[in-house]
Amino acid sequence: MTIARVLIVAGSDSGGGAGIQADIKTVTMLGGHAMTAITAITAQNTLGVEAVVALSPEMVRRQMTCVVEDIGVDAVKIGMLGGAAIAAAVADELTSGLYAAPIVLDPVMVATSGAQLADPATIAGFARLARMSTLVTPNLPELAALVAREHLDMADVEPAARDYAATIGAPVLVKGGHAEGETVVDRLIGADGVIAEWANPRIDTRHSHGTGCTLASAIATGLAAGLTLEPAIVRAIRYVRAALVAAPGLGAGNGPMGHALGDAPFDLWERGCLA
């Protein structure tokens, strides 16, 4: 039996909406096998993050090596890192020769609730990982941080992403959820400009915790299964949108999505009927 093997390097969300928990649900729903290297544990719910404890860089790297040496890997997804030393350890591990696989980097910096999940040293550590990546998936505030800007006007987004893509040698999927308007536009941008873009009606819900984690893991699963980049992105966007529609309405704040898609048959969202 062949199954897409996805190694997720990210933090744990005790509320189950984002982080490792969202990643595992996503990979599983898309037919892959999820392996994990947990970087940090958090005490959080839909209202916010109350505490974060990072694991040792050695333990993070040991988790990666342990599963890859035995099970193998078809794609790697990187999310919350928990500190600059962990970022360096993950980068060192990825140069060990065990990881001839696509890498999707979701540069997690701020939780949906607004909690800071990366300090400046950790953000600087993203640079080395980005240069190893097949794709980097920042939202608009994260893109601004990656290019050392406090804020990006909409007219500045494409040039900033283009320059960043040239610097790291990989395309950037700029997520449009933080922009204003009734339409969400996600743009795949390379060193030469926009490669592709996807515009979809905004889904009006406060239950959007974990959208970035879910999107990056869905893309990684598609790449692990042999899809090329653009079809993997299309399928991932459809899955995220279906999960937003199926959100169970848990919690008093930014609630989790419905990764299991509720009563929606698997093939409906895959054909785009729920997108």
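Analyst: Contact, as used here, means heavy atoms within 4.5 Å. The model is predicted, and local features need pLDDT of at least 70, side-chain atom pairs count only at pLDDT 80 or more, and totals for chains, interfaces and linings use all residues. Residues are numbered from 1 along each chain as its sequence is written, and side-chain values use heavy atoms, with hydrogens and water left out.

User: What does Thr 39 touch, not counting residues up to four places away in sequence?

Analyst: Thr 39 touches Val 9, Ala 10, Gly 11, Ala 54, Leu 55, Val 60, Met 80, Leu 81, Gly 82 and Ile 86. Thr 39 itself is part of strand S2, residues 33–45. Helices (H or I, at least four residues) and strands (E, at least two) are DSSP runs, numbered from the N terminus.

User: Why is Thr 39 called buried?

Analyst: Buried means under 20% relative accessible area, exposed over 50%, and partly exposed in between, with a 1.4 Å probe and protein chains only. The relative accessible area of Thr 39 is 0%, so Thr 39 counts as buried.

User: What makes Tyr 239 buried?

Analyst: Tyr 239 also has a relative accessible area of 0%, and is therefore buried. Tyr 239 sits in helix H8, residues 229–245. Its C-alpha atom is 8.8 Å from that of Leu 261, 22 residues apart along the chain.

User: Which residues have the most contacts inside the largest nonpolar core?

Analyst: A nonpolar core is a set of buried Ala, Val, Leu, Ile, Met, Phe, Trp, Tyr and Cys residues joined through side-chain atoms within 4.5 Å. The largest has 42 residues, and those with the most contacts inside it are Leu 7, Val 9, Val 76, Ile 78, Val 90, Leu 94 and Leu 129. Helix H6 (residues 154–168) gives the largest share of this core, six residues. A second, separate core has 33 residues, including Val 27, Leu 229, Ala 243 and Leu 261.

User: Why are H2 and H3 called roughly parallel?

Analyst: Angles under 35 degrees count as roughly parallel, over 145 as roughly antiparallel, 65 to 115 as roughly perpendicular and the rest as oblique. The axes of H2 (residues 57–71) and H3 cross at roughly 30° and come within 9 Å. H2 and H3 are therefore roughly parallel to each other. Axes are lines fitted to C-alpha atoms, for helices over the stretch in contact, and angles run from 0 to 180 degrees between N-to-C directions.

User: Which residues of H2 make the contact?

Analyst: On the H2 side they are Pro 57, Val 60, Arg 61, Met 64 and Thr 65. Those of H3 include Ile 86, Val 90 and Leu 94.
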